[in-house]
Amino acid sequence: MKRIVTILSAALVLAGTLQAQELANFNFNGPAPVVSPEIQGDSVTFRLKADYATVVKLSGSWMPNPWGDTIDMARGADFVWSVKIPLPPAEIYTYNFIVDGVTVNDPQNIYVQRDGTRYLPMLIVPGERSENYVEATKHGTVSHPWYDSKLLGYSRRLTVYTPYGYEANPKKKYPVLYLLHGAGGDEEAWISMGRTAQILDNLIEKGLAEPMIVVMPNGNPGQRAACTLGLPEIPMDRRDPAVRDSYVKSLCEEIVPFIEKNFRAIAKPSSRAIAGLSMGGGHTIAASILYPELFDYICPLSAAGQATPEQIAALKKAGVKLYFLACGDADFLFEGSKALDKTLTEQGLDHIFYVSDGGHVWSNWRLYLNTFAQKLFK
C-alpha cells in the first residue's frame with residue numbers, strides 16, 4: 001500500500017511539473033529534434049524543418065554583405081532544409097533563415113541576442129578571439145536597479161554588473177566602469193550583444209582585469225527602460241540644445257552618485273572609468289568635456305564626437321590616467337576618430353589609438369571591451 005501511495009505521489013508531482021511546463025510546448029511522439037547549428041570540426045551545418053517551403057536561404061553576419069548575401073539551403077528527408085559551410089573565424093555571429101521571402105529565426109537555437117526590436121540567433125565559434133565571450137567558472141551578478149532622475153523627470157532603469165565575490169565580502173569596495181551603448185540600443189545592449197558579463201567574468205577569473213562594477217545606463221533620455229518592458233517613450237527633440245546633454249548630465253550628476261550610494265563603489269576619479277560605442281562614444285566624450293575631473297579613464301569607441309584643443313587641455317590638467325580611443329579602419333566614423341587622435345597628439349595627452357579591422361559592428365566593440373578592461377584601475 002505504501003508503495004502504491006509513493007508511486008501515485010510521484011505521478012502527481014510529475015503531472016504537476018509537466019503542466020507547469022505547458023504540455024502544448026512538447027512533442028512527445030514526434031520525430032527527433034533537428035540540430036541547428038551544428039559545429040563539426042572546420043564546418044558548421046544549419047538546419048530548418050519547413051514542411052511547406054519552396055525556397056529556403058541562410059543569411060549570416062559573417063558574409064561579405066550581411067545585409068544582402070544569402071546561401072541556398074537544400075531540402076532533405078522529412079522536409080528538413082540544410083546547408084553546410086566552412087566554419088567562420090572565431091567570433092560571435094548572428095544569422096537567420098529566409099523562407100519564401102520571409103525572415104525566420106532558428107527555432108532550435110537557444111542562444112539569441114536582442115538588437116533593439118530584433119531577436120537574432122547566435123553562432124558562437126570557439127577560438128582565441130572568442131575565448132572570453134563564453135561562460136567562465138566564477139560568475140558575477142547582473143541586476144536592474146531603478147534610479148529617480150530629477151533632471152529628466154521620471155524613474156529610469158540601469159543594468160549593473162557586480163563581480164564574483166561581491167556578495168560574499170560586504171566590506172570590499174570596487175572601482176566602477178560606466179559603459180554606454182550606441183544609437184538603437186538600451187540598458188541591455190552591452191549585456192546581450194556585448195557579452196559584458198562573460199568578458200569581465202573571464203578577465204577577472206584569469207587575473208587579467210581588476211574586479212570592478214560595470215554600470216550600463218539607458219542612453220535614450222526619452223526612455224524609462226528597454227522597449228521590452230512596454231513603457232511609453234517620451235518624445236524629445238534631440239536637436240534641442242536643452243535635450244542634447246540631458247542624459248550626460250543625468251549620468252554624471254545622478255547615476256554616478258546613485259551608484260556610489262547604493263553599491264560599494266570607490267568614490268574617486270581614479271576609480272571611475274567611462275566608455276561607450278558610437279552614440280555612447282559621443283556621450284563619453286561629452287561627459288569628459290563637461291566633467292573633466294570626474295573620470296580618470298576615458299574610452300570612446302567608434303565615437304560620434306570631437307573635442308577641442310582647450311577641452312583636451314582641461315583633461316590633461318585633470319590628470320587623466322588612460323585615454324583609449326578605438327575604431328575600425330572600415331568604420332564610417334574612422335576619419336572622425338583619426339581627427340580626435342590628431343588633436344590628442346597635438347595637445348600632448350598621452351593616449352592609445354587602437355585601430356582594428358572591420359566597421360561599425362559588435363565584433364569590434366566586444367574586442368575593444370576585452371582589450372581596454374585589462375588596462376583599467378592599474
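Trainee: How many of the 17 residues of helix 5 are buried?
Mentor: In this predicted model, helix 5 covers residues 246-262, and its buried residues include Tyr247, Leu251, Ile255 and Phe258. Helix 5 is largely enclosed by the rest of the structure, because the buried residues among its 17 number twelve.

Trainee: Which strands stand at the edges of the open sheet?
Mentor: Four strands form this open sheet with antiparallel pairing, in the order 1-2-6-5. Two of these strands each have a single partner strand, so one side of each is left without a neighbour in the sheet, and these are strand 1 (38-40) and strand 5 (74-75).

Trainee: Is arginine 114, which forms a salt bridge with aspartate 186, buried or exposed?
Mentor: The closest N and O atoms of arginine 114 and aspartate 186 are 3.0 Å apart, and the pair links distant parts of the chain, 72 residues apart. Buried means under 20% relative accessible area, and because the relative accessible area of arginine 114 is 7%, this residue counts as buried.

Trainee: Which residues do salt bridges that share partners join into one network?
Mentor: Arginine 114 also forms a salt bridge with glutamate 188, with the closest N and O atoms 2.7 Å apart. Glutamate 188 is itself buried, at a relative accessible area of 18%. Through shared partners, the salt bridges join Arg114, Arg157, Asp186, Glu187 and Glu188.

Technical notes
Residues are numbered from 1 along each chain as its sequence is written. This is a predicted model: local features need pLDDT of at least 70, side-chain atom pairs count only at pLDDT 80 or more; totals for chains, interfaces and linings use all residues. Side-chain values use heavy atoms; hydrogens and water are left out. Two strands pair if DSSP finds at least two bridges between them. Helices (H or I, at least four residues) and strands (E, at least two) are DSSP runs, numbered from the N terminus. The expected span of a helix is 1.5 Å times one less than its number of residues. Buried means under 20% relative accessible area, exposed over 50%, partly exposed in between (1.4 Å probe, protein chains only). A salt bridge is a side-chain nitrogen of Lys or Arg within 4 Å of a carboxyl oxygen of Asp or Glu.
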